[in-house]
Amino acid sequence: MAKRTAREQMVIRNRRMLIYTFLLILIFLYAAAKQEMRSGEMPSEAADTDEFLRDGTEAAEDPGAAGTEAGFVLDQEDMWCLVLTNARYPVPLDYQEDVKLKEIPESSLQVDERIWDPLVEMLDEMKDQGLKPVICSGYRTLDKQELLFSRRQKEYLEKGDSMEEAREQTERELAVPGSGEHCLGLAVDISSESHPQLEEAFGDTPEGLWLREHSWEYGFILRYDRGKEEITGINYEPWHFRYVGEKAAEYLNRTGMCLEEFYIEESLYG
């Protein structure tokens, strides 16, 4: 085979360079076309997803949509009936200035006049259903609260408990003086003619069962429910109902939260 001249070798190298360059161009064009195809598919997929969400079938996966549908929009005008009071949070000093009391029918007890209508409506409905609710406690003054607290604490002391044990037990059953639902005028204790005692068994009576199922429809909640004792600091009280307004009552009933948990969710703790 004849030896190639320097010129022929240069021609061969140039041809090879052209071939390599052409192959590289083809590779780049293929990669670009692939990327364009993927980019072209994305808007379509996004559009399908948006349409899917608009149809409502996947609304729960959309955080914004879920918040709108299932969340609670706090209205500052409703804060008067959402005031939280417990051992940690006493009744605000200026709260009583806005409270006007009204006597409950067939009773000498009183409540904040702003909850009188829904309370009476709820009691009337119970009576229409053949139930016999009895209001046995409503608004309490600070003096009455201190009297009840000291009396219960004395009972535990007489049983042999230490002062610390007696106070701890009493705080599980009664609000610390200066705090408490009854001091707001927004809470009532309800028993029945057939079961006048304020004890856990009331929760299984027809009146207790009806209140658990329907009280939220009138803006009331079972304030100290079973299973929430460590959060509320109060023992289970199936007779104690607190007015929080219809919107909040519906929300708390649906979510199963107590008022303390609601405050945490809404970041209302000071």
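This is a predicted model: local features need pLDDT of at least 70, side-chain atom pairs count only at pLDDT 80 or more; totals for chains, interfaces and linings use all residues.
**A friendly note on the sheet and a helix pair**

1. Residues are numbered from 1 along each chain as its sequence is written, and side-chain values use heavy atoms, with hydrogens and water left out.

2. Now look at the strands around that bridge. β3 pairs with β4 (residues 187-192) in the antiparallel sense, over four bridges. Here, strands are DSSP runs of E with at least two residues, helices are runs of H or I with at least four, and both are numbered from the N terminus. Two strands pair if DSSP finds at least two bridges between them.

3. The whole sheet is open and has four strands, in the order β3-β4-β6-β5, with antiparallel pairing. At its edges are β3 (133-137) and β5 (220-224), each pairing on one side only. From one strand to the next, the twist averages 45°.

4. Next, the helices. α3 (residues 116-128) packs against α6 (residues 206-214) at about 130°, their axes 11 Å apart. Axes are lines fitted to C-alpha atoms, for helices over the stretch in contact, and angles run from 0 to 180 degrees between N-to-C directions.

5. Which residues of α3 and α6 meet? M122, E125 and M126 in α3 meet E207, W210 and L211 in α6, where contact means heavy atoms within 4.5 Å.
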